[in-house]
Amino acid sequence: MQGLAGAAALTSTTLPVNAARSASEPAYSPTFFTPAEWAFLHAACDRLIPEDAVGPGAIALGVPEFIDRQMATPYAFGKLWYMQAPFVQGPANLGYQLPYAPRDIYRKGIAGAAAFVQAKYGKAFQDLDAATRDEVLTGLEKGDALFGDLPAKVFFAQLLGNTMEGAFADPSHGGNKGLGGWTTIGFPGARADFMDWVDQYGKQYPLGTVSISGETA
Amino acid sequence: MASIKMKSVDAVVIGGGWAGAILAKELTEAGQSVVMLERGADRSTASDGAYPGSIDELQANFRHKIFQNLSKSSVTIRNSSDQTALPYRQMAAFLPGEGVGGAGLHWSGVHFRMPPDDLIMRTKVKEKYGEKFIPEGMNLQDYGVTYDDLEPFFDKAEKVFGTSGEAYTVNGQVVGKGNFFAPSRSDNFPLPALKDVYGANMFRKAAEEVGFHPYAMPAANASAQYTNPYGVQMGPCNFCGYCSGYACYMYSKASPNVNILPALRNDPKFELRAESHVLRVELDSTKTKATGVTYLDRKGNEVFQPAELVIVSAFQFHNVHLMLLSGIGKPYDPVANEGVVGRNFVYQNVTTTTAWFDKSVYTNQFIGTGGGGVAFDDFNSENFDHGPLGFIGGSPVWVNQAGIKGIAAAKIGGPPGTPHWGSAWKKAMVDTYQHSVRMDAHGTNMAYRDVYLDLDPTWKDAYGLPMLRMTFDWKDNDIRMNRYVVSQIAKVTKAMGATDVHLGQRQPGEHFDTRFYQTTHLAGGAVMGDDPKTSALNRYLQSWDVSNVFVIGANAFPQGTGYNPTGMVAALAYWSAHHIRTTYLKNPGPLVQL
C-alpha cells in the first residue's frame with residue numbers, strides 16, 4: 001500500500017527544517033498587481049488579519065504574495081465558474097451573477113475603493129491609520145457602495161476569502177509563511193495521521209505542524 | 001448525426017460513480033459486454049490521492065479539484081416558479097463530482113441503510129395520523145420497495161464497501177450497542193465501529209444521560225485492514241481528516257476507484273472511456289426503446305455507441321437532465337400536475353449546532369474520519385410521535401467530525417455575532433477551532449408539487465444544450481421539523497457541559513440560499529414507485545416508458561432522507577442489477593406489467 005508507506009515515511013523521519021524565509025531573501029515582486037494596487041492590498045490585508053498577541057498577521061504570512069500568485073491560476077480567470085451570458089441580476093440568495101472573474105473584481109474593486117478613500121480622506125488608503133482603514137473596510141463589507149456595477153461587498157468578500165486562504169493554505173501557494181497561520185490555530189497541517197491521538201480525550205496535540213513539502217514549525 | 005459509430009455492446013453505463021461501477025460489475029459478471037462512459041478524467045488513488053500532495057485543502061476544497069467543472073455545465077436555480085432562475089455560477093450550496101469515481105471519490109463515507117418506515121412513508125403516515133395529516137401540496141410517496149426487499153442488497157453493499165459499525169440486532173437477536181431504532185440485519189457489519197473522536201464521545205455520554213439512544217455511525221472508512229468480496233484491499237483509517245473532497249490516500253475510505261474498479265479494469269468484457277460526455281440517450285421511432293447513446297469523446301468527436309441496454313447512472317440531477325434531453329418519460333408539469341420527470345425534486349435539511357468548552361479542553365477538530373461519529377435517531381423517521389408536533393419527517397442528530405483544516409477553520413470563524421476579520425475575529429476563531437464541537441441535525445426534506453426540475457429556457461451548457469432548472473425552497477413543514485429537533489439538541493449540549501452553545505436552526509420563512517454549503521445530497525426528480533402517474537421508474541428503477549433504460553441514483557428517492565444517500569443508492573443499484581440479471585436479461589421488457 002503505497003499510501004501507508006508514504007505516511008510512515010513522513011511521520012517517522014526527521015524532516016529538514018526550512019526556516020522561515022530569511023531577511024536577505026529578495027522581496028516578492030508582483031506580476032498581476034500594479035505598484036499602487038500592491039500598496040492597497042498590503043494595507044488592507046494588514047487589517048483583515050492584523051499582527052497581534054494571538055499570532056502573525058497577513059503581511060508576515062505572505063498573504064499578498066499568495067493572492068498575486070493566485071491571479072495567474074485558472075481560478076482567477078473565472079475558469080472554475082459558469083461564466084456564460086446573459087448576466088441577469090437577482091436576489092442575493094441566488095448567488096453571484098456578474099461577468100467578472102477574480103482578476104476583474106480586484107482591478108475594479110481596488111480602483112473603486114482607492115478613489116472613494118481619496119475623495120473622502122484626501123489620502124491614499126495605505127496612508128490612513130489603522131483605525132481609519134478598519135472604518136473603510138467595514139464600509140466595504142457592510143455598505144451598499146457600488147464601484148461601477150461592482151458592489152463593494154463583492155470585492156470585499158473576494159479579498160477576505162482569498163486572505164483567509166492565503167494565511168491558512170499550504171505554504172506552497174505562497175502564504176502561511178513559516179507555517180505561522182497553522183501554528184496560530186494549532187492545525188498540524190500535512191501530518192495527517194492521528195491514530196495515536198484519536199482517543200487522547202481533551203488533550204492538546206503535542207506535535208508541531210508540517211507542510212506538504214516537509215517544512216516544519 | 002454522430003460522425004463516428006462504434007461497435008454495438010450489450011450495455012452502456014453512463015457515469016463512473018458508485019451506481020455505474022456497481023452496475024458495470026454486476027453486468028460483466030452476467031457475461032455482458034459493458035462500456036462505461038464518464039465525462040470527467042480517469043482517477044485513481046495513485047493519480048489523485050497520493051500523499052502528501054493530494055492533501056492540499058486549497059486545491060481540494062476551495063478550487064474543487066475533483067468536483068464538477070462548472071465552466072462547462074451547471075444548473076439554474078430559483079426559489080419559486082414566478083422567479084427567473086439564475087445560473088449556479090460558483091460552487092457553494094452543493095458539490096457534485098466529476099471524473100471516474102464521481103461523487104463517490106470525494107464523499108465522506110457515511111454509510112446508512114434506510115429506515116424501513118421511510119420507504120413506506122405515505123402508507124405509514126396515513127396509517128398513524130390519517131391522510132389529512134399530509135399538508136396540501138406535499139407529494140408524499142412510498143418507494144415501492146420495502147426494507148425486507150432491500151436487506152440482502154444493503155448487506156452486499158456494506159461488504160463491498162468494508163463498512164465499519166456496530167449492529168443492534170442481527171436476525172432479531174440483540175448483539176451490540178448499535179442503533180436501537182435500526183431494523184434487524186442478516187449479518188453484522190464487516191468491520192467493527194471506528195473509535196469515537198473526543199467530541200463524539202462527549203456527545204455519546206451526554207445523549208445517553210438525557211435518555212436518547214446514541215450509536216456509532218456506520219462508516220465506509222475501514223476501522224481495520226479489509227479485503228472485500230471482489231478481492232480488493234483497504235487499509236485502516238488513521239483519522240487523518242482528509243476525507244470529504246479528497247481521494248483517500250490511505251485506501252481506507254470506500255470509493256468506486258478503490259473498491260470496485262480494480263476488479264473491473266482488467267475484465268475483457270469491460271471498457272472504461274473517460275472524458276466522454278454523453279449528450280443524449282437515442283430512442284427508436286417508437287420512443288419506447290433506446291438504441292444507444294451519443295457522446296462527445298475527448299477530441300470533441302460526436303460518437304454513437306449502440307447498446308441493447310442503457311444504464312443511466314450519473315449524479316442525481318444529471319440523470320434527470322439526461323432523461324429530459326433524451327425524451328425518456330413525460331416531463332413534469334407543475335400547473336397541470338401531470339408528468340413525472342422532474343417531479344418530487346428534494347434536498348436535505350441540515351443545520352449545524354456548535355458547543356464551546358473550557359479553554360483547558362482541546363477538541364482537536366482536525367482529527368477526523370469522514371463517516372465516523374456518534375448519532376442518535378430518537379427524532380428520525382417514525383421513532384417519535386409526530387401527531388402532536390404536526391409535521392412529517394425527522395432528523396438524525398450527530399457529531400460527524402470529518403476533520404476541519406486551516407482554511408475552513410478561518411472561514412467558520414467565531415461564534416455568531418463576532419466579526420469576520422481583525423483581531424476580534426482572530427481570537428474568537430482560534431478559541432472556536434481549539435475548544436468547540438460541531439453537531440448536525442441532518443434532516444429530511446419532503447416533496448412538494450411546486451418544487452421540481454425542468455429545462456431552463458435561457459441558459460445553455462458548453463455543448464449548446466439547455467441547462468437543468470431547479471425550482472426549490474424550504475417549506476413550513478420542514479422548517480418546523482428542523483426547529484423541533486434542534487431544540488432537543490440543547491438538552492445534550494447542556495449535559496456535555498458546554499460553556500456556550502449556538503443552536504443552528506432554520507428560521508421561519510427562510511429561503512434556500514445557494515451561496516452557502518448545505519449538503520450535496522440532492523435527490524428525487526425521477527423517482528421510483530408503483531404508479532407511473534407519480535413515478536418515472538418502476539420498483540426496479542426501470543423507466544416505465546423505455547424498458548431498456550434503467551436509471552440508478554438518488555433521483556429515485558421520492559422524499560429527501562435524513563440519512564446520507566450513498567448506502568441507499570448502492571443498495572438500489574444491487575437490487576436493480578439483481579433483477580436485471582435474474583429476470584430482465586432472460587426476457588428483455590418491462591419488469592412490471594400494468
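**Strand pairing and helix packing**

A: Strand E20 (residues 452-460) of chain B runs antiparallel to E21(B), joined by 5 bridges. Pairing requires at least two DSSP bridges between two strands. Strands (E, at least two residues) and helices (H or I, at least four) are DSSP runs numbered from the N terminus. The model is predicted: local features need pLDDT of at least 70, side-chain atom pairs count only at pLDDT 80 or more, and totals for chains, interfaces and linings use all residues. Residues are numbered from 1 along each chain as its sequence is written, with chains lettered from A and ligands numbered from 1 in the order written.

Q: What lies between E20(B) and E21(B)?
A: The two strands form a hairpin with 5 residues between them. In the turn, Gly464(B) has a positive phi of about 80°.

Q: Which residues stand opposite Thr471(B) or partner it?
A: Tyr452(B) stands opposite Thr471(B). Arg78(B) has Thr471(B) as its bridge partner in E21(B). Strand E4 (residues 75-78) of chain B runs parallel to E21(B), with 4 bridges.

Q: Why is E21(B) largely enclosed by the rest of the structure?
A: A residue is buried if 20 or more other C-beta atoms, placed from the backbone, lie within 10 Å of its own. In strand E21 (residues 466-471) of chain B, 5 of the 6 residues are buried, so it is largely enclosed.

Q: At what angle do H7(B) and H15(B) pack?
A: Axes are lines fitted to C-alpha atoms over the stretch in contact; angles run from 0 to 180 degrees between N-to-C directions. Helix H7 (residues 147-161) of chain B and helix H15 (residues 566-584) of chain B pack at about 115°, with axes 8 Å apart.

Key:
A residue is buried if 20 or more other C-beta atoms lie within 10 Å of its own, exposed if 12 or fewer, and partly exposed in between; C-beta atoms are placed from the backbone.
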